[in-house]
Amino acid sequence: MKIALEEAKKALDKSETPIGAIVVKDDEIISRSHNLRESLQDPTAHAELLAIKDASSKLGRWRLTDCTVYVTLEPCAMCSGAMILARIKRLVYGASDPKAGTAGSLMNLLSHEKLNHQVEVESGILAKECGEILSDFFSSRRKKAL
């Protein structure tokens, strides 16, 4: 999670929402990314999606059944859907997202019994640090808007 936080700080340096993600296979980081929605003007450029795409490219396969995604914020529906489609084995996230999180907060898409794949979920890892970087970012943006 510390490396995902480093990625979140890279996003912050680019005035992006500070969310970072990594994909790990066999205790090795396969890919890493951070939010790039503003930079790319792409609503799908979430840290998780970018990291999953890169991992698939590097491994030469779309099924990531032996991979774990670490992300600083609980994934949204789009990112959770991508994890299900990629057959990600496990998700580890830091801060919960009560407004858009689909790994247990708003809903639990990742363990929905009617879907063809379920993702193991572990939450709250470095939650304070992951939440603070986001809180500070949005607080700063609100102050600038005044």
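These legends walk through close-up views of a predicted model.

**View 1. Strand β1 sits inside the structure.** Strand β1 covers residues 20–25, and six of its six residues are buried, so the strand is largely enclosed by the rest of the structure. In a regular strand, the side chains alternate between the two faces of the sheet. Here both faces of β1 are covered: one side carries Gly 20, Ile 22 and Val 24, the other Ala 21, Val 23 and Lys 25, and all of these are buried.

**View 2. The hairpin of β1 and β2.** Strand β2 (residues 28–34) runs antiparallel to β1, and six bridges join the two. Look for Val 23, whose bridge partner in β2 is Ser 31. Two residues lie between the strands of this hairpin, and Asp 26 takes a positive phi near 50°.

**View 3. β1 meets β3.** Strand β3 (residues 67–73) is also antiparallel to β1, with five bridges joining them. Ala 21 has Val 71 as its bridge partner in β3, while Lys 25 stands opposite Cys 67.

**View 4. The whole sheet.** Five strands form an open sheet in the order β2-β1-β3-β4-β5, with mixed pairing. The edges belong to β2 and β5 (120–122), each of which has a single partner strand, so one side of each is left without a neighbour in the sheet. On average, neighbouring strands are turned by 20° against each other, direction ignored.

**View 5. Helices against the sheet.** Helix α1 (residues 2–13) packs on the sheet and touches β1, β2 and β3, its direction making about 25° with that of β2. Helix α5 (residues 127–145) lies across β3 and β4 (90–95), and runs at about 60° to β4.

Definitions and conventions: Residues are numbered from 1 along each chain as its sequence is written. This is a predicted model: local features need pLDDT of at least 70, side-chain atom pairs count only at pLDDT 80 or more; totals for chains, interfaces and linings use all residues. Side-chain values use heavy atoms; hydrogens and water are left out. Buried means under 20% relative accessible area, exposed over 50%, partly exposed in between (1.4 Å probe, protein chains only). Helices (H or I, at least four residues) and strands (E, at least two) are DSSP runs, numbered from the N terminus. Two strands pair if DSSP finds at least two bridges between them. Axes are lines fitted to C-alpha atoms, for helices over the stretch in contact, and angles run from 0 to 180 degrees between N-to-C directions. Contact means heavy atoms within 4.5 Å.
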